[in-house]
Amino acid sequence: MKHVPHRPFTLAAAALTAAALGLTGCSSEGSGGGGGGEDDGTFTLGFAVGGQPDADWQDLQGDVAQALAEQRGWDFVELSNDNSEATATTNADLFIQEGVDLVMMFNGQPSANPVIAKKYEDAGIPVITFDIAQEGWYFVGVDNAAAGTAGGTALGEVAKAEWDCEVDLVISAEGTSAGQINEWRTGNAREAVAEVCPDIPEDAYVSYEADGNLTTSLQNAPGVFAANPDAENILVVGINDQAVVGALQAATQLGRDDNIMGWGQDGGLITGDNVDPNLAGSVMYFLEGYPAFAFEIADAIAAGDVPEVKDTGDDAAVSVKPCPVSQEEAAEVPSIDERVAALADAEQGTTAYDLFCPAAAG
Amino acid sequence: MTAPVTAADPAPSRPRRRPPRADARSSAGLRDALTIAAVWLLLGTVTALVRPDFLSTQTLLAVTFTMAVAGVLAVSQGLVVISGGLLDLSLPVALILSAWVTVSLLGAGLPTIVAVLAGPLTGAAWGLLNGLIIVYGKLNPIIVTLATGFGGLAIMLVLFKSAQIPSGSELRAFGLGRTLGLPNVFWPMVILIVLTGLAVAYTRWGRRMVAVGGNAVAAKARGLSLPRTRLAVFGGAGAIAGFAGVLFCSVNPSFTPNAGAGFQLIVIAAVILAGISLSGGKGNFLVLLLSVGFLSTIPVSIAFFGLPPAWSLVFQGGLLILAVGIDGYRMRRSAR
Amino acid sequence: MTVDIDAGRVPLTRRLLANLNGPVGSIALTLAVTLIIGAVWVGPRYFSASNIEIVGTSIAIPLIVGVLASFALLAGVVDLSIGSMVGFGAVAFNQLVGAGMDPWQAAGLTLLTGVAVGAVNAYVIVGLGAEPLAVTLGMLTLLRGLCQAIVIEAPPTTLVEPLYDLTQGSIGSFPTLLLIAIGLTLVAAGFVGKTRMGRAIRAVGGDARAAGRVGIPVARVRVIALIVSAVGAALGGILYVGQLASASNILGTGLEFQIYAALMIGGYSITRGGVGNPIGALLGLLVVGAITNILNVQFIDPDYLDIIVALILLGAVLLDRIRGGDSFE
């Protein structure tokens, strides 16, 4: 191990690093270089998308927000919370360093929110949070509790009409890492089903972990059906459409799909050409359209007219109206990509609910 | 770790290279098979004692359905392991990339046969990429596939957010159908495991591959080309993972780039439980049917016990530790 | 590594040069290139106090976990379960404190679970002779399952003020925790390079049989290394709770790969013991942290980060191989 001539290696290392970093150069177009830390007086919006790998609407929220910010001539910077509480916390430091005037975010791992809130409070930056409430932050979102109830009620009504409330099994496809949201959406849905059909026995309600995505749901659900072999009329509720469809697919694989109906949440899989035939409906929140609601607050803040903070689901800054749709009604709703395009072009103050919810169109 | 040790120490292994061979291997395979069958039976008996309705066609359907994709992936991983390629940690990428290509082609209106063939081709291309880096960089496969595994996931996240198989397609109909009372996707997995098991044990090609895995130095001395074997194995294993991708998208109507992550552990556990040792060169693919079946029964049993599914992770992890512990203990005893 | 055996006799300048020539040298160069790119592309604010604080805060805990896990790598027994152990340690600590336990007591208990997990890993790997990769992969799954089984509802918020100040605070403009982590790294580097124990660990990882022949207790070294690795991860979990004031059931997912990728960039190997230096771990984490930060402050899609890290990782191991290191066949 004498001194091997090492220059080629160090050169190679340098070249490789340069090549790797060159990649970042290619991807930088459109980001606008971040705008710099110094404040040039332009209103700067920081937007943190959720970054959960199973939810395409999270990135689309960023796209809509960017379009709306550009309409107003604001600076726009975007980070991803990467579905990680540690990253979400670092992102707060980054936005504070960037000197943004307002932050909007979806944070699907909210356990660090109190710490994040403390940071923003010290920096004096207002925050608009989507769907997951935090003290001191403007809450824009669906009233998750109401959405759960709406979905459960709708499903219960169908069961009453079709099966005269003779239900053998109510399956709840959960995503426990979402914490309270999971409880609101699935728990309230179960209660609402029980409200409409009070004669369903208590032990007919079973839950399993679907992790909020179809693949995991489909892996875990077959056992649930096998463990309840005598159930004929089956209802499925869940934290989102993916979880519910995973259960419906498992039922199909086990030949249990003759009498099964699911009602999803979030409308992720209720539009388009490939809707599961047993997904009776879903509660659409038009998640991609949240920024349109949030900009009502943002406009006021930018104008110097800071509105009062309303930070709970019951007393929300903007309460997104849940829009329960049956599968037939959903056929009229444009796909998520079309909705994003339409929202970006819509005049200020127009929300996704006004544009797309069948109930509002009437 | 074990592989480099054997490679660096050709002397002690040479004298005992010839005599044990086929006999030792088949008896070890039989013992592995019997052990897993016994544990599987135990799990079934305990569950059935608590819940007699466990023994039903519903359970059979649930288990066989869960086995399908994992079983095909286990064959892919098993080939890499038995040939001395250590492990392919980028298998989830091969799976999902192939599934995405398949549904994209179906969505573009191409004939089913083209889309279905594109799956294994994509997987083979991915495997070859790994193989080329490993062979020409002379790099350890675990490190290479670790890097291509998370790099590949990132590339997929740039390429697509979620993918859906057209609901009217023939492939989708296949994924929803049943043959002889069991899910359609189950049968290709069984056929593949049986064919691979026979091919590895009885063809010259298979025996060469196992020889390379058992003692690369000796195999090289006998004139076998290590680079060619590595490329063939990684390409072939990739093609099989791509085939798993085709089965995967036929049953998962909508999936995301990250959807393959959940298979990683169960597949490695199935391979090790089946007695396909990580040090290469030994194992019987037919035993995979038992190990995959056993591991796929765990989540179903968990549901019958009414436990939350998180416990199936606990049991699967614990069983893997137990299995490799017993395996290590046995190898150490027989080495003495 | 052969250079170090007669380190005492080689002049200091020669030794420094030899170091530059090794993995630590090329990673230092990579870091320099990264910093130059940052300086040119981002501008002076890349080196602003607040930015250093951001990078420092985010790499401090991985550095502590990584340096303690590096002993297992060095001894030739990779521990893949550290990410899940960080999560499990965090969940255990957070739930215990949330249930009203005294934080010190809870921290003690959490570290004990680390000892227990490390001991189980060690028993199966060293005692029974099983493949470390397979065993710790099983432990990774088992611990993640336990996290999910424990945290079903939203986890409690537990802001432990002194721990928060320690993990988020800074001395001047330098993050306190990073100072501690760097201190730990230097101590570890001294231990590995200068003490007999350190040399024994490297000898065990380099060639266990040869080490056994010269009377080094191979089994004991590996057992201790695995326990240190797991306890380090448990400590990391506690620190994360300090930083985030809570712990979800996915905390630490994939952290093992992020840490080992950085360690391998810094000259360690997960498939071969006996190589690597804690300074390399620090530099490797700094490189990844610095690149992450460039992408962050330029607001670029983080997906590109993993692609870049994968390329740098492959480049680093290739470089190491060309230099005469780990060659596969």
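Modeller: Happy to! Let me begin at C:Gly324, which sits just after helix α15 of chain C and takes a positive phi of about 115°. Please keep in mind throughout that this is a predicted model. How enclosed is α15(C) by the rest of the structure? It is largely enclosed, because 17 of its 20 residues are buried.

Helix α15 of chain C also takes part in the side of chain C that touches chain B, where it supplies at least two residues. The contact draws on 36 residues of chain C and 46 residues of chain B. On the chain C side, α7 (132-150) and α13 (255-265) likewise each supply at least two residues, and α7(C) gives the most, with 13 residues. By type, the chain C residues of that side divide into 21 nonpolar, 7 polar and 8 charged.

A word on confidence for the partner, chain B. Its mean pLDDT is 87, and 92% of its residues reach 70 or more. Over residues 1-23 of chain B, however, the pLDDT is below 50, although this stretch has 20 contacts in the model beyond near neighbours in sequence. Where pLDDT is low, the predicted coordinates should not be read in detail.

One element to follow here is an open sheet of 6 strands in chain A, ordered β7-β6-β8-β9-β10-β12, with mixed pairing. Strands β7 (205-209) and β12 (323-326) of chain A stand at the edges with a single partner strand each, so one side of each has no neighbour in the sheet. On average, neighbouring strands of this sheet are turned by 20° against each other, direction ignored.

Inside that sheet, strand β6 (residues 169-174) of chain A is mostly covered, with 6 of its 6 residues buried. A:Leu169, A:Ile171 and A:Ala173 point one way from β6(A), while A:Val170, A:Ser172 and A:Glu174 point the other way. Strand β6(A) runs parallel to β8(A), joined by 5 bridges, and A:Ile171 has A:Val236 in β8(A) as its bridge partner. The pairing of β6(A) with β7(A) is also parallel, over 5 bridges; there A:Val170 is partnered by A:Tyr205. Moving on, β8 (residues 234-238) runs parallel to β9 (residues 260-265) in chain A, with 4 bridges between them, and A:Ile234 stands opposite A:Ile260.

For a last stop, look at A:Ala360 in helix α13 (residues 358-361) of chain A. This alanine counts as partly exposed because 13 other C-beta atoms lie within 10 Å. Setting aside neighbours within four places in sequence, A:Ala360 is in contact with A:Tyr353 and A:Asp354.

Notes. Residues are numbered from 1 along each chain as its sequence is written. Chains are lettered from A and ligands numbered from 1 in the order in which they are written. This is a predicted model: local features need pLDDT of at least 70, side-chain atom pairs count only at pLDDT 80 or more; totals for chains, interfaces and linings use all residues. A residue is buried if 20 or more other C-beta atoms lie within 10 Å of its own, exposed if 12 or fewer, and partly exposed in between; C-beta atoms are placed from the backbone. Two residues are in contact if their C-beta atoms, placed from the backbone, lie within 7 Å. Two strands pair if DSSP finds at least two bridges between them. Axes are lines fitted to C-alpha atoms, for helices over the stretch in contact, and angles run from 0 to 180 degrees between N-to-C directions. pLDDT is the predictor's confidence in each residue, from 0 to 100. Ala, Val, Leu, Ile, Met, Phe, Trp, Tyr, Cys and Pro count as nonpolar, Asp, Glu, Lys and Arg as charged, and the others, Gly among them, as polar.
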